[in-house]
Amino acid sequence: MAPTLNILERLDAGEIVIGDGGFVFALEKRGYVKAGPWTPEAAAEHPEAVRQLHREFLRAGSNVMQTFTFYASDDKLENRGNAQRFTGAQINEAACDLAREVANEGDAMVAGGVSQTPSYLSCKSEAEVKGIFKRQLNVFVKKNVDFMIAEYFEHVEEAEWAVQVLKTSGKPVCASLCIGPDGDLNGVSPGDCAVRLVKAGANIVGINCHFDPMICVKTVKMMKEGVERAGLKAHYMVQPLAYHTPDCNCQGFIDLPEFPFGLEPRIMTRWDMHKYAREAFNVGIRFIGGCCGFEPYHIRAVAEELATERGYLPAASVKHGNWGAGLEMHTKPWVRARARRDYWEKLKPASGRPKCPAMSTPDSWGVTKGHADLMQHKEATSLDELKPLFEKAKASH
């Protein structure tokens, strides 16, 4: 069945739209995605795993089933020796089918997503980069997704190109940058980025990934202020990390020494997500979801925090209880005593790691589009290429 309203009709009516979470990180932990390439072959290789994760996010309260098409462009799928068993089109078609199947189990929409490309980092032409987006768009049009998302762009210029291509579909278009308050990697401010994206044709603009919820909400607020100063109109979205990142610089969590295999001590609790959801709502964001690190229970917390505004709880709340109410049934009295909101709101969780620092020093190599280190190629990364990187990494610590 098709959703009763499209995303713009929902947002225009003041509805809160809840997104899903970070599929590449969630499925890497489950053994279906390889860290490094971060490509979504699992949509074709292991559809049962992707389908189940969609279902868990739907049960947790998500209205959006985003196709598992992150980095599913052929130039990324074949980059640096990644074994390409499936074409981008095959992966994207399988991802669309899975998202639609699960969306039809509830009142959810399907969003077709594109993301930044190795070709852009390697200074390929606008026509070449747009051609990559167009090939992805062809699948989304064929599969009749409900709207489009251009997400995870570090350079607003490339995001503009993506929006211009996606807009030709006639579908609503979201544009989501992975930047913080300092702006994109060329120093374009969040407000100016948002204005450029709206002028390119984006209906919804915002931030995803790279930073924690509060930093992302702050950045979207800056985008909103920029759009309003320019006399333009848009809706706003936010899909942050589920990790605390107060020590990140302009390139976010990929610069942290813990990325990607040591981030668990930074994971946010469900109660942190309540604060995030309320803060996002208060600044006027109505498309609220998650990215890397977000699991279904995080999205459930967002849905529970906004249940009054939405008018209902998600199905998964049956197994939870408001603010830990299920603990009333615990056998131990000191655990039963935790069945209350003020306990969880005031808790300062211990890390259990007495010799670990509270903050990290990011690896700030300062390279972006056009730098020799970012020139991509199909061949596997060689040991000769890695040696100078190892030495540089040692010198920076």
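1. Gly21 lies in the loop between β1 and α2 (23-29). Helices (H or I, at least four residues) and strands (E, at least two) are DSSP runs, numbered from the N terminus. The model is predicted, so local features need pLDDT of at least 70 and side-chain atom pairs count only at pLDDT 80 or more, while totals for chains, interfaces and linings use all residues. Residues are numbered from 1 along each chain as its sequence is written, and side-chain values use heavy atoms, with hydrogens and water left out.

2. Is Gly21 buried or exposed? Its relative accessibility is 9%, so Gly21 counts as buried. The cut-offs are under 20% relative accessible area for buried and over 50% for exposed, with partly exposed in between (1.4 Å probe, protein chains only). Leaving aside neighbours within four places in sequence, Gly21 is in contact (heavy atoms within 4.5 Å) with Phe57, Gly290, Cys291 and Phe294. The C-alpha atoms of Gly21 and Glu295 are separated by 6.1 Å, although the two residues are 274 residues apart along the chain.

3. Eight strands form an open sheet with parallel pairing, in the order β1-β8-β7-β6-β5-β4-β3-β2. β1 (17-18) and β2 are at the edges with a single partner strand each, so one side of each has no neighbour in the sheet. Two strands pair if DSSP finds at least two bridges between them. Ile18 stands opposite Ile288 in β8.

4. Met65 has Val110 in β3 as its bridge partner. On its other pairing, β3 is joined by four bridges to strand β4 (residues 147-153), again parallel. Here Val114 has Ala150 in β4 as its bridge partner.

5. How many residues of strand β3 (residues 109-114) are buried? Six of its six are, and the strand is mostly covered. Met109, Ala111 and Gly113 point one way from β3, whereas Val110, Gly112 and Val114 point the other way; all are buried. β4 is likewise mostly covered, with seven of its seven residues buried.

6. β4 and strand β5 (residues 173-177) pair in the parallel sense over five bridges. In this pair, Glu151 stands opposite Ser176 in β5. Ser176 has a relative accessible area of 1% and is buried. Which residues does Ser176 touch, not counting those up to four places away in sequence? They are Ala150, Glu151, Tyr152, Phe153, Gly206, Ile207, Asn208 and Met237.

7. Helix α13 (residues 296-305) has nine of its ten residues buried, so the rest of the structure largely encloses it. The buried residues of α13 are Pro296, His298, Ile299, Arg300, Ala301, Val302, Ala303, Glu304 and Glu305. They pack against β1, α4 (47-60), α12 (270-282), β8 and α14 (307-310).

8. For the chain as a whole, there are 17 helices and eight strands. The radius of gyration is 21 Å, close to the 21 Å that the globule rule gives for 397 residues, so the protein chain is as compact as a globular protein of that length. That radius is taken over C-alpha atoms, and the rule is 2.2 Å times the number of residues to the power 0.38. The C-alpha trace spans about 60 × 55 × 45 Å along its principal axes.

9. Of the 397 residues of the protein chain, 54% count as buried. Among contacts in the protein chain with a separation of 6 or more, 77% are between residues 24 or more positions apart.

10. The protein chain exposes about 17300 Å², of which carbon and sulfur atoms supply 53%. Accessible areas come from the Shrake-Rupley method with a 1.4 Å probe; for residues, only the protein chains shown count as cover. The chain has 48 positive and 50 negative charges, and their mean positions are 5 Å apart. Lys and Arg count as positive and Asp and Glu as negative, with His and the chain ends not counted. Each charge is placed at NZ of Lys, CZ of Arg, CG of Asp or CD of Glu.
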